[in-house]
Amino acid sequence: MNSIRSRSDSVRDFVTGRAQFIDDIPLPAGAFHVALGLSEWAHATITSMDLSPVRQAPGVVCVLTAEDVPGNNRCSQLGDDPIFAEQIVEYNGQCLFAVIARSHAAAEHAAQLAVITATPLLSAISIDEATLQQNRLVDPLTVQRGDMSVHTKHQVQGSIHLGGQEHFYMEGQIAAALPEANGEMRIVASTQHPAEVQLLVAAMLGCDATDVIVQCPRLGGGFGGKETQATQIACIAGLAASITGNACKLRLSRHDDMVLTGKRHDMRAHYVVGFDRDGLVSTLRVDLHVRCGFSADLSVAVCTRALLHLDNAYYLPNISFTAHLWRTNTSSATAFRGFGAPQALLVVESALLHVARELQIDSVELRARNFYRSAPADQTPYGMTVTDNILQRITTELLHSSAYTERRRAIALMNAAQPAIKRGIAFCPVKFGISFTQTHLNQAGALVNIYTDGSIQVAHGGTEMGQGLNEKIAAIAARAFGVSSQRFRVAAADTSRVPNASPTAASVSSDLIGRAVENAIVKLRERLIRVAALHHEMPEELCTIEDDCLVAGNLHVPFDQLVRRAYEARVSLSATGYYTTPEIHFDNKAMQGQPFYYFVYGAAVSEVAVDVLTGESRVLRVDILQDVGHSLVPDIDRGQIEGGFMQGLGWLTTESVVWSETGRLLTDGPDTYKIPTSSDMPPTFNVQLAGWSTNKRDTVFLSKGIGEPPLLLAVSVHLAIREAIAAVNPAGALSLSAPASPEAVLHALSP
Amino acid sequence: MSPTLTFQLNNQAIHVDANRACDPLLDFIREDARRTGTKEGCRSGECGACMVLVHRAGCTRLVNSCIATLGQVAGAAVMSVEGLTDRLSGALHPAQRSMIDQRAAQCGFCTPGIVMALVFGSAQSTPAVPTAVLSGNLCRCTGYRPIIDAARQCWNDSGHVELFDSEQPDTEAGSFPGFESPASLAVALELRAKHPDATVLAGGTDLVTEWRRNGTRPSHVLYLGRVQELQRIDATGPDLSIGAGVTIAQAIDCLLGPWPEAADYLRRFGSPAINANATIAGNLQTASPIGDLAPLLMVLDARVNVQNQTADRSIPVDTFVAGYRRTRLAADELITEIVVPPRPDRLKLFAYKVSRRFDQDLASLNLLVSFQLIAGVMQQVKVAIGGLSNQASRLPVFETACEGRPPTLQVMQQLAQTLNAAIEPITDVRGSARYRRLVAQNLLTRLALDMNGDTETNLRLVQPT
């Protein structure tokens, strides 16, 4: 199993090709390979399924369908995601059967040979169709405050369409299952949530969780796409291994991955905003119409987070936010970095842009006027008080460092002189709430083992997917213990080491796991210090561990000796740690409470150029000032900011998820689905951490979560494109859809 | 004993059953040789995670191993990421060192491919542009900034690393049953006549992708990669003659001499790993409606020379393309060369490609226009359009309408209606018919602005304020 000592070690493994992803791990000789047979109907009753051509294909061992599942044919906790569809298929791309063969190629080939007939049923592909059919997943979710009937001097309204997003993790979905001689099933899966995989594989096999061990060495990217979507893959691999008694691996082709698994929720949003002549917003009504796909998956949680971010950075006294969750015959929309918040941010920023245009007030000035401020303007719509707001300082510093005002003036002059290329510059603030909105998930465990040579293993339930969690954990552990980080090895995720872990998601992993590890280390430190105090006959308060030594007065004892002494004194060198986020609570029905432990703040200024003849656009310069509290590892945080921003940039510019009218995914490969390449990176890309910031909450070394918030900063690019469009057609700029594809931009430019 | 196919992998000799000539190089590297540093990301040559270097006859190419076959690398030396580290000292290659120094990996899955692209970039004779060299490498984590910095660091590193052993394997690749690699045109034509159903393979960047997509594999391949006569470029005469087997990278180089205006257009043709393997004839013979080269060659008045065993003919590029993925090549013929006539006096060339993403994207629309500007008016007008319907084509009616008119803003905008009437765009994921019509007409405005020259029109040249 992979584990890391430090970041540079893992990068060294990557550049030499030594790092092993799941597909690289040697399987026992004679292992089988699995491929899936997928539905070609969006919604249909299967009338016949002739799998004999599949069974007879060369290299095929056997074929699995729903009938072969000994336990629960479900791969989600909510129970509405079948592992294999039974009778009814609910989207084009849904899994109908699996082929087990002696080679990957044989399995993939055979999977195409099934002869299936079906009777199509009425389907709802688009949000409009689902609305027409009143095909709701659940009742609408609502957050309300104040009096929406108060008189407002001005009112504007508008609509905007926001597209979905394919995760396009470079390593596709994959799992291997290895039946152990003792009856255990060992699953090695590329998942952000090993504990859920463990539970659902056990339920599928009809055995106990103790019979299933799930390990995750590392992920080749997750971004939310392997939070729930990896479970089905692991279940099918597990079933194949259980039935054949042989090691089995399921690796999806890029095409199958794209059509089978869920993506970011796309939405159609409508806003009505009331405001006074100074641009102070008094009422905001927002309706989000959300395409959820065929099952619930995480849609309720995603829409909840969306509703809780429709305020972004602004005090909005009277609001009514509603999310309509539409069930459609498409893959089940799922978690994607930001989890509904990016969509919400684009909607509220569109509304504020509209207000600024209406009043002809500079949009930065308008935003700043509406920022959260002192009581009562520190109350969020969901009953939480904003106590840590630093946006005013971030804004001032960023506007200065990016020379926003001067550049805006220069751009206006250039736009007047240039007919074909129009520039735009825009500022966007971000406030992002940290914690799972499902309060119970805000817990983490850890296991820390000291070996008698003084080396230390840290195990936790989080998964490493490139975000640098393990290096942050090693840094936290070293600092908490007072020893060098070189002593540590952070183990790969394994459900038998640390049980019941929450998914690695919601930007909370270093907060939760870091504290849990610290908690275990505090216990071990106390034990070691007690041993030393007894041995050296010193009071415990005069003993400490720092710089790899026990220090007691003038005495310096190397850490290895201290450990050996503790072992000989028969003191346990192993401890578990545990942490739950304090103070948070949230009533999911009333949509009130304190769902977040704290907020992360940031802002971006982006400049773009738009070709008004073709609608093509290009980002020219981006300046970011981001709050991370006290940064644990600045290089990692910078990487998260740059990478998250570029992922958001892709969502808002080049990446389009398109389904045909009959529900076939048209953007089913990298030839049609375009994530950014290096030439889409802004040529000037200034990223600064707000070094002066701290966390007012007692997080681990006062750091803040950073995984998701920077993605939202890319909304500034969309706003900047609209500024450029406004130089030609101010009305069109307001309704520019996302992504701002060349076609969408040209449409917005046309009167 | 069945015949054996030989190549080198990381300077070690590899012998494979020649029946596997059509197997993807990637699968051999990962599954047979167990060099798992090379990753599978998309299996369609789009993401670069599987990149390796292929060295033959003193020339090193960047190759997407997922769309290369074992038959194509027979007799060559292949280097995977594992081969970069010095075997004796364990010292890292500067490309690896710079990726570590710049912390240019997050999840690490794309990293080996990016390292190979950096190594390829460091071997360029002229200073490489990072975004151009990396245009075929996708990274979903980093946002590319540290990778670009790593490229700069690596390429500033003056130390040269000799990767391939000076002693190369026998370059005689040989023919295998079902995979024939003739070394001369005469033999190639003979085989072509004998096996008209055989699949003709050159760079394979389109063909092998199609095999992957359809799960098929041809029973009989005629591989032209070793036919010496097809590799020639002759720029000594009035015409520029480009051998059928000349790679896109080489073809671009020789086209840019006489046609520097096409630089921006050709820059976006494909990634280095595509351009280094795809051939000019392969690109024309696929007759893909979104091939960028055909419409350019059409307005340059280029011709396709083809031969069978007894005769040869010369076909204008615009009539060579006969329909959706169809050409006028007969079953016993091979393309031998593409002939581009000399640049006429006072010629103006405008080459536009519009796509959703700048690099490595299929065109929503290509519009190519050439004319001679004589006495202020357009003469000998040639207009070709691509990317918007089932084939690239010339637009004769529109050309006639342009003939004798001055390329002013007013005139070009008047002509937009005629252009609109001459095209029949389709709606697909790359754009609606309505959008394509609008852009096609707008590009005439751009042409007039570009003629004039004092207006900013090129998005890539725009500088931040």
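The largest nonpolar core has 412 residues. A nonpolar core here is a set of buried Ala, Val, Leu, Ile, Met, Phe, Trp, Tyr and Cys residues joined through C-beta atoms within 7 Å. Those with the most contacts inside the core are A:Val34, A:Val99, A:Ile187, A:Ala237 and A:Ala240. Helix H14 of chain A (residues 509-536) gives the most to this core, with 11 residues. In soluble globular proteins, nonpolar side chains tend to be buried together.

This is a predicted model: local features need pLDDT of at least 70, side-chain atom pairs count only at pLDDT 80 or more, and totals for chains, interfaces and linings use all residues. Residues are numbered from 1 along each chain as its sequence is written, while chains are lettered from A and ligands numbered from 1 in the order in which they are written.

Buried means 20 or more other C-beta atoms within 10 Å of a residue's own, exposed means 12 or fewer, and partly exposed lies in between, with C-beta atoms placed from the backbone. Two residues are in contact if their C-beta atoms, placed from the backbone, lie within 7 Å. Helices (H or I, at least four residues) and strands (E, at least two) are DSSP runs, numbered from the N terminus.

**Two residues of chain A**

A:His161 sits in strand S8 of chain A (residues 154-162). A:His161 counts as partly exposed because 16 other C-beta atoms lie within 10 Å. Not counting residues up to four places away in sequence, A:His161 touches A:Arg268 and A:Ser737. A:Leu132 is 29 residues from A:His161 in sequence and 18 Å away in space, C-alpha to C-alpha.

**Strand pairing**

Two strands pair if DSSP finds at least two bridges between them.

| Strands | Sense | Bridges |
|---|---|---|
| S7(A) and S15(A) | antiparallel | five |
| S14(A) and S15(A) | parallel | 10 |
| S16(B) and S17(B) | antiparallel | eight |
| S17(B) and S18(B) | antiparallel | eight |

Strand S15 of chain A (residues 318-327) is mostly covered, with seven of its 10 residues buried. A:Ile319 in S15(A) is the bridge partner of A:Arg145. A:Trp326 in S15(A) partners A:Arg291. From S14(A) the chain crosses through helix H8 (residues 299-307) of chain A to S15(A), a right-handed β-α-β crossover. Right-handed means that, with the strands pointing away from the viewer, the path from the first strand over the helix to the second runs clockwise.

Strand S17 of chain B (residues 365-374) is mostly covered: seven of its 10 residues are buried. B:Leu367 in S17(B) is the bridge partner of B:Tyr352. B:Asn366 stands opposite B:Gly386 in S18(B). S17(B) and S18(B) form a hairpin with two residues between them, and B:Ala375 in the turn has a positive phi of about 55°.

**The interface**

In chain B, 68 residues are in contact with 72 residues of chain A. H17(B) supplies the largest share of the side of chain B that touches chain A, eight residues. That side divides into 32 nonpolar, 23 polar and 13 charged residues. Ala, Val, Leu, Ile, Met, Phe, Trp, Tyr, Cys and Pro count as nonpolar, Asp, Glu, Lys and Arg as charged, and the others, Gly among them, as polar.

H17(B) spans residues 433-452, 20 residues in all. From first C-alpha to last, H17(B) reaches 29 Å, close to the 28 Å expected at 1.5 Å a residue. The expected span is 1.5 Å times one less than the number of residues. B:Gly453 follows H17(B), with a positive phi near 85°.
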